Amino acid sequence: MIRRAAVAALLLGVSAMAVQADVVAPTTPPDAPKFDAQGEPVFVNRSDIYEYKALPAYNEPAWVKAFVDAGKLPPVAERLPKEPLVYKTANEPDGTGVYGDVMRHVIGGRPEGWNFWAGQSYGWGGIDIGLVECLTRTGPLFEVNATDLQPLPNLAKSWEWSADGKTLTVHLIEGAKWSDGEPFTTADTEFYYNDVVGDPNVTPLMGAAPETYSNGVYANVDDYTFTLTFETPFPESVLYNMAYGNFCPGPAHLLKPQHPKYGGKDYESFQKAFPADYMNFPSMGAWVVVEHRPDDIVVLRRNPYYWKVDEAGNQLPYLDEMQYRLSTWADRDVQAVAGTGDFSNLEQAENYVEALKKAADPASPAKLAFGPRTIGYSLYPNLSGNGWGEPDANSQAIRELNRNLDFRKAISYGLDRQRLGESLVKGPFTTPYPGGIYAGTSYYDKDSTVYYPFDVASAKAELETAGLTDSDGNGFVNLPGGGDLNVTLVTQSDYQTDKNLAEGVVAMMGDIGLKVTLSALAGKDFDNARDSGKYDWIIIRNGTELITVVSNTTALAPVGPTTDVNHKANGAGELDLLDYEKDMVDTVNKFIASRDPAERKDLMKHYQNVYTTNLDGIGLTAYPGALIVNKRFANIPAGAPIFMYNWAEDNIMRERVYVPADKQIGAELHPNTLPGAPGSAGPVTAN
Ligand code: BQZ
């Protein structure tokens with residue numbers, strides 16, 4: 001490793017020893033160990049997956065027909081939209097499915113309530129993905145040809161841009177209904193856009209804000225058509241941002257009366273209006289929550305108004321029930337390989353060896369398939385210097401240091417990323433991750449990626465350059481004129497991986513003389529600390545934007561007051577951006593406005609260079625995840641990644657997954673029942 005100063009000293013004829021030990025020059029990241037994903041997707045065009053059309057006749061499970069015969073439900077044709085979404089048989093890996101059976105999920109989160117639009121978490125692990133359907137869909141894009149890469153239609157069946165690119169007209173599916181039979185119309189999209197996203201007092205679960213949609217101005221045209229009008233032409237990324245996590249409208253007929261603007265008591269009451277014991281909350285998803293036993297299980301039953309069918313006219317879903325056992329994320333892996341659970345995203349590298357061993361047994365009840373290296377962790381210093389998260393004096397001093405590149409370089413030079421990855425799992429899985437766009441993805445460019453490699457002497461030199469020295473000789477650097485600097489590192493306690501990485505960081509920072517104290521927070525507390533800026537440093541498993549760039553693009557930089565993970569506006573709405581951040585904002589906005597693929601590639605090379613040169617986030621490690629699914633399920637698409645445009649719960653398109661009749665296990669907890677009326681106690685029978 002060539003120390004820059006030593007070379008300079010030699011050139012000047014000065015003894016290298018006389019020059020203060022300087023830092024090693026930044027480099028490009030090491031190539032990741034070769035790791036072949038198990039199974040390639042069958043690449044298709046979007047139109048090969050599904051289309052919207054009326055079919056001559058429709059079917060439903062026989063036990064659902066009993067509800068029609070008892071006069072409790074309209075005939076199935078009247079429960080479907082004029083032109084349902086029709087999944088094409090040729091894209092169903094195992095063809096037309098049969099009705100029946102259940103998918104038994106295990107999750108580590110817990111439902112807070114059902115008001116996703118006021119920020120309530122459903123406990124993750126696929127519950128929210130299956131309940132809140134959105135205008136467009138990106139999960140299945142993992143199998144879409146790069147030449148046809150645009151968001152899939154979903155509740156929005158089509159859209160078009162005005163000639164000047166400043167107006168987007170969106171056409172909703174016509175005649176679809178909520179699971180309680182109420183029509184889905186632009187009343188729902190208008191309420192979502194103007195009274196959830198547009199109301200600063202309301203924050204939806206994934207933080208969608210006006211900037212998420214390029215500050216478009218909403219207008220209804222009719223019950224199934226609305227427009228968004230923009231300042232700058234063709235902000236096509238808004239269509240990606242209309243997928244899961246963002247433009248997923250709620251039932252205005254239930255939400256609106258609770259909203260303070262329409263007679264609701266106040267914002268807190270609005271958020272808490274549909275608590276976790278409220279059953280049968282209307283959904284546009286394939287299933288509806290009919291039972292919740294706290295810390296035990298959430299059970300969902302099929303939505304009789306679901307607006308999707310297969311080409312034979314069978315109303316979907318094929319699976320009559322979804323279960324979510326309320327446990328831990330680690331238990332999800334254990335139960336999936338044991339066969340008592342049906343699904344897991346194997347994402348905690350510590351469990352790989354055991355899971356692989358179990359799944360390798362031919363008698364294993366589950367199939368395990370590794371995908372691409374898209375699970376990655378970064379350490380994020382809080383970059384706000386003007387009060388986001390209300391820091392005390394000590395934290396404010398740390399934020400000033402966080403805003404100093406020499407300090408951020410010290411952290412990076414102090415991290416032995418190879419050892420961090422190997423502390424999780426040995427083998428070709430993990431690779432040092434500098435931060436920024438992931439290696440191996442469409443917009444990655446190695447030569448644009450700057451890597452400050454592990455070197456303790458360089459780390460210590462950078463701390464000194466940042467004005468930190470161990471003035472009291474106790475082994476830890478001190479704040480200028482004060483006691484030891486003591487950084488609090490927030491991590492998520494629900495995952496062993498997050499805790500292991502955090503513990504590794506604490507130890508390595510100690511080796512360079514930087515005292516770091518761990519604060520491990522569970523689920524919602526972690527998410528709240530992350531989103532409110534109440535941290536000095538935080539370790540986060542990164543989102544889709546650093547893998548695909550085209551989804552969640554606004555999360556790549558502080559393009560708005562609340563879009564960036566480690567730099568949001570203060571209470572006064574002020575963003576004190578550093579110069580390099582302004583460059584990133586400008587680059588991302590140009591990317592969003594560009595329709596030229598070559599220009600977009602170049603813009604992302606620049607973004608990657610600015611991000612990694614300035615360590616906007618300090619990468620730790622990246623590795624592949626594996627999808628574990630019980631072998632009895634059919635129609636699991638080949639090569640489905642656990643995480644890319646979205647999680648596998650979305651990617652595998654659960655509504656068209658089925659279990660052949662001879663493999664069904666009779667594990668439904670509420671067989672032959674349907675959701676009841678909103679707010680009623682639970683599921684209902686036909687008579
Ligand atoms: C997958 C995912 C589906 C959230 C969540 C959880 C939250 C975060 C993140 C993952 C869980 C599973 O991830 O770990 O495999 O099933 O749910 O939503 O970590 O705490 O806030 O971003 O997606």
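## Terms and basis

Helices (H or I, at least four residues) and strands (E, at least two) are DSSP runs, numbered from the N terminus. The model is predicted, so local features need pLDDT of at least 70 and side-chain atom pairs count only at pLDDT 80 or more, while totals for chains, interfaces and linings use all residues. Residues are numbered from 1 along each chain as its sequence is written, and side-chain values use heavy atoms, without hydrogens and water.

## Largest cavity

A cavity is a set of points, on a 1 Å grid over the protein atoms alone, where a 1.4 Å probe fits but cannot get out; lining residues have an atom within 4 Å of a point. Grid points are joined across faces, edges and corners, and a volume is the space filled by probe spheres set on the points. The count is 2 cavities of 30 Å³ or more.

The largest cavity has a volume of about 170 Å³. It is lined by 16 residues, of which Ile129, Gly130, Glu133, Arg137 and Asp650 are the closest to its centre. Helix H4 (127-131), strand S4 (136-137) and helix H20 (648-651) each contribute at least two lining residues.

## Disulfide

The whole structure contains 1 disulfide, defined as a pair of cysteine sulfur atoms within 2.5 Å. Cys134 and Cys248 form it, with an S to S distance of 2.2 Å. Cys134 lies in the loop between H4 and S4 and Cys248 in the loop between helix H6 (237-240) and helix H7 (252-255), so the bond ties together parts 114 residues apart in sequence.

Both Cys134 and Cys248 are buried (under 20% relative accessible area, 1.4 Å probe, protein chains only).

Methods. On a 1 Å grid over the protein atoms alone, a cavity is a set of points where a 1.4 Å probe fits but cannot get out, and a pocket is an open set with protein on both sides within 12 Å along at least five of seven lines; lining residues have an atom within 4 Å of a point. Buried means under 20% relative accessible area, exposed over 50%, partly exposed in between (1.4 Å probe, protein chains only).
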